[in-house]
Amino acid sequence: MKSLVANKRDGLVKFALRVPRAVGKRFRKAKFILKYKSAQRMPLNDSLIVIESEGDLSDNAFALYDYLRDKGYLDRYQVVWAVDDVHRAKQLVSEAPGQWTNTFFVSKALDAYDQNLALALATCKWFIYDHSNLMANLTKRPNQSVVFLSHGCGYKGPKGLGSHDITSYDLMTVTGPLAAICVSNWQNRSPEFAVCTGYPRNDYLLRPDPRVDSVIADWLDCSKFRKTILWMPTFRQSDNAGISEDYIRNETGLPLFNSRIDLSRLSDYLVRNNVLLLFKLHHLQSELPVFNEKFKNIMIIRDEQLRDRGIQLYQFVRYSDALISDYSSVSVDFMLLDRPMIYTLDDYDEYSRSRGLFPPNAIDYMPGYHVYSIDQLENAIDGILAGEDIYRSDREAIIPEYHTYRDANSSKRVLDVCGIR
């Protein structure tokens with residue numbers, strides 16, 4: 001056992017190591033703020049757009065950027081991407097320089113305080129983000145526009161969230177009237193700031209891409225199976241204790257399926273019926289030991305597999321014949337494809353008590369099979385295999401609540417409301 005003297009010495013050493021890091025961070029932050037404030041004296045760059053996404057170069061923000069470059073906007077606009085991994089982003093440019101015209105990358109890491117980010121935020125005409133409001137603790141200029149693309153409207157309640165930003169968004173894009181209320185509640189702001197444009201990523205659902213068609217065909221070869229079904233369950237844990245749902249403590253972290261044995265049973269069912277199940281799990285959940293095993297006709301899809309193939313998540317989602325989900329925003333967006341849906345609701349009451357749901361009667365806004373057991377899940381898939389789509393009329397009734405538009409023009413509408421032409 002260490003002596004009191006030794007423990008005290010170790011404590012002093014740790015403190016001595018922490019102090020320089022803390023001082024260095026405060027110094028970098030002070031330089032960042034100074035750079036930002038001094039750059040605010042410069043003229044606004046009316047052709048500069050700063051973009052941020054959850055997961056570098058992904059989600060709604062990347063879909064919007066993809067539209068900008070596809071339609072030639074980058075010939076007259078400059079884009080600065082705020083990313084976590086600047087090195088990897090620059091590698092992408094070196095591999096395909098012609099695809100990144102007038103595009104630059106800066107670090108958005110909280111402890112980096114990148115001076116180039118300060119300059120870009122202070123002088124950009126538009127800051128567009130789908131996850132982290134990098135302007136939240138800064139005071140923006142009157143002629144700047146802060147646009148929140150959002151990262152989806154599901155059925156989750158707004159528990160534990162709220163906004164105390166110095167600078168909040170000037171407008172938030174949503175998909176429809178009920179979505180406007182839902183996401184505004186999440187942000188603790190009035191729905192008057194929400195504009196129904198549709199989500200840029202939903203354009204991927206509705207617009208075929210020959211390159212992606214070819215990549216998916218080579219990778220999955222879905223033609224060998226009667227049906228390809230995508231399962232995207234809500235991840236029920238979070239670093240934010242206020243919104244974490246950790247009541248599911250089993251081997252899989254999944255509803256319905258508690259163990260490897262349950263997954264083996266599902267695998268046997270899928271093999272018998274020649275069905276491919278694509279399991280898109282949260283990256284933390286996919287690291288559970290049970291998912292290191294191989295289950296026939298079950299393919300675990302990981303973020304890096306999509307990234308390495310140059311495929312965005314919603315470009316991938318459109319290749320499934322049906323969706324299994326629950327409270328996630330993908331179940332709302334998937335309605336646009338007008339295909340069968342299965343909702344796993346065995347934890348509906350627990351989820352409602354723990355996290356809260358929106359609308360409070362959320363179950364009435366889930367137009368598909370409601371399953372509470374493995375048997376019911378298999379019966380639902382049996383119906384889909386038989387060609388049944390018994391909830392189609394229910395979908396038609398619900399879709400207008402969540403989606404004002406059912407086309408592939410969301411990115412264009414977003415740019416129009418932003419005044420980017």
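Close-up 1. Phe62 is buried at a relative accessible area of 8%; buried means under 20% relative accessible area, exposed over 50%, and partly exposed in between (1.4 Å probe, protein chains only). Tyr65 is also buried, at 0% relative accessibility. The model is predicted: local features need pLDDT of at least 70, side-chain atom pairs count only at pLDDT 80 or more, and totals for chains, interfaces and linings use all residues. Residues are numbered from 1 along each chain as its sequence is written, and side-chain values use heavy atoms, with hydrogens and water left out. A search of the whole structure gives 22 aromatic pairs. In one of them, Phe62 and Tyr65 are tilted, 6.0 Å centre to centre with 40 degrees between the planes. Rings of Phe, Tyr and Trp (its six-membered ring) pair if their centres lie within 6.5 Å; planes under 30 degrees apart count as stacked, over 60 as edge-to-face and the rest as tilted. The two residues are 3 apart in helix 2 (residues 59-70), so about one helical turn separates Phe62 and Tyr65. Helices (H or I, at least four residues) and strands (E, at least two) are DSSP runs, numbered from the N terminus.

**Close-up 2. A ring cluster and two charges over rings.** Phe62, Tyr65, Trp81, Trp100 and Phe105 are linked into a cluster by ring pairs. Over the ring of Trp100 sits the charged end of Arg69, 4.8 Å from the ring centre. Arg76 places its charged end over the ring of Tyr73, 4.8 Å from the centre. A charge sits over a ring if NZ of Lys or CZ of Arg is within 6 Å of the ring centre and within 35 degrees of the ring normal.

**Close-up 3. Phe148 and strand 6.** Phe148 is buried, with a relative accessible area of 2%. Opposite Phe148 stands Met172 in strand 6. Strands 5 and 6 pair in the parallel sense over 2 bridges; pairing requires that DSSP finds at least two bridges between two strands. Strand 6 (residues 171-174) is covered on both faces: Leu171 and Thr173 on one side, Met172 and Val174 on the other, are all buried.

**Close-up 4. From strand 6 to strand 7.** Strand 6 runs parallel to strand 7 (residues 194-196), joined by 3 bridges. Thr173 has Val195 of strand 7 as its bridge partner.
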